[in-house]
Amino acid sequence: MGERIAAFAIEQLWDEEASAFRAEPAAGHGEVALPPMLPLLGNGEMAVALADLADHTGRAEYARYAERAVAALGARAAMSPAGPALALAALRLADQPPRPISTEILKIRGRGRWRGPRWPRSVRP
């Protein structure tokens, strides 16, 4: 099932020129063609799914599509709130699972020390 979905996405949504997945299939014959939208979030999720599928099936071509999407959109992702989706894909392709980060800050015995992420001094509670 996963391979059928991947084959459909690659066939219908992959933009070879942009090395990324479009938000919708290209316009058909006689239809008005709009510039392709290459959503960062969708491409990041697709890249993670293809990297996982490559591992499960042993088919490296899935990982190559994921790598190309990450490389093509990486610079744009670095400046976008949707960028973490591609960062997760890049980590997945590098075989480095993301580290969980606690967003809770816990005071330890009232001593004023914090356990959790290191916050810049300007935003520490």
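Phe21 is buried, with a relative accessible area of 4%. In this predicted model, Trp14 also counts as buried, because its relative accessibility is 8% and the limit is under 20%. The structure contains two aromatic pairs. In one of them, the ring centres of Trp14 and Phe21 are 4.8 Å apart and the planes stand at 70 degrees, so the pair is edge-to-face. Trp14 also pairs with Tyr65, again edge-to-face, at 4.9 Å centre to centre and with 85 degrees between the planes. Since Trp14 belongs to strand S1 and Tyr65 to helix H3, this pair ties together parts that are 51 residues apart in sequence. Trp14, Phe21 and Tyr65 make up one aromatic cluster.

Helix H1 covers residues 2-13. Its twelve residues should span 16 Å at 1.5 Å a residue, and the end C-alpha atoms are 16 Å apart, which agrees. Ala6, Ala9, Ile10 and Leu13 are the buried residues in H1. They cover an arc of only 110 degrees around the axis, which puts them on the same side of H1. The cover over these buried residues includes strand S1 (14-15), S2, H2 and helix H3 (60-77). On the face of H1 turned away from the buried side are the exposed residues Arg4, Phe8 and Glu11.

Arg22 is found in the loop between strand S2 (20-21) and helix H2 (40-57). Arg22 is buried, because its relative accessible area is 15%, below the 20% limit. A polar atom of the Arg22 side chain lies 3.4 Å from the backbone oxygen of Glu24. Beyond four places away in sequence, Arg22 touches residues including Leu13, Trp14 and Pro39.

Key
Residues numbered from 1 in each chain as written. Predicted model: local features only at pLDDT ≥ 70, side-chain atom pairs only at ≥ 80, totals over all residues. Heavy atoms only, no water. Helix = DSSP H or I, 4+ residues; strand = E, 2+ residues; numbered from the N terminus. Buried < 20%, exposed > 50% of the residue type's maximum accessible area, 1.4 Å probe, protein only. Polar contact = N/O pair within 3.5 Å; in protein donor to acceptor, adjacent residues only side chain to side chain. Contact = heavy atoms within 4.5 Å. Expected span 1.5 Å × (residues − 1). Arc of directions from axis to C-beta. Phe/Tyr/Trp six-rings, centres within 6.5 Å; stacked < 30°, edge-to-face > 60°.
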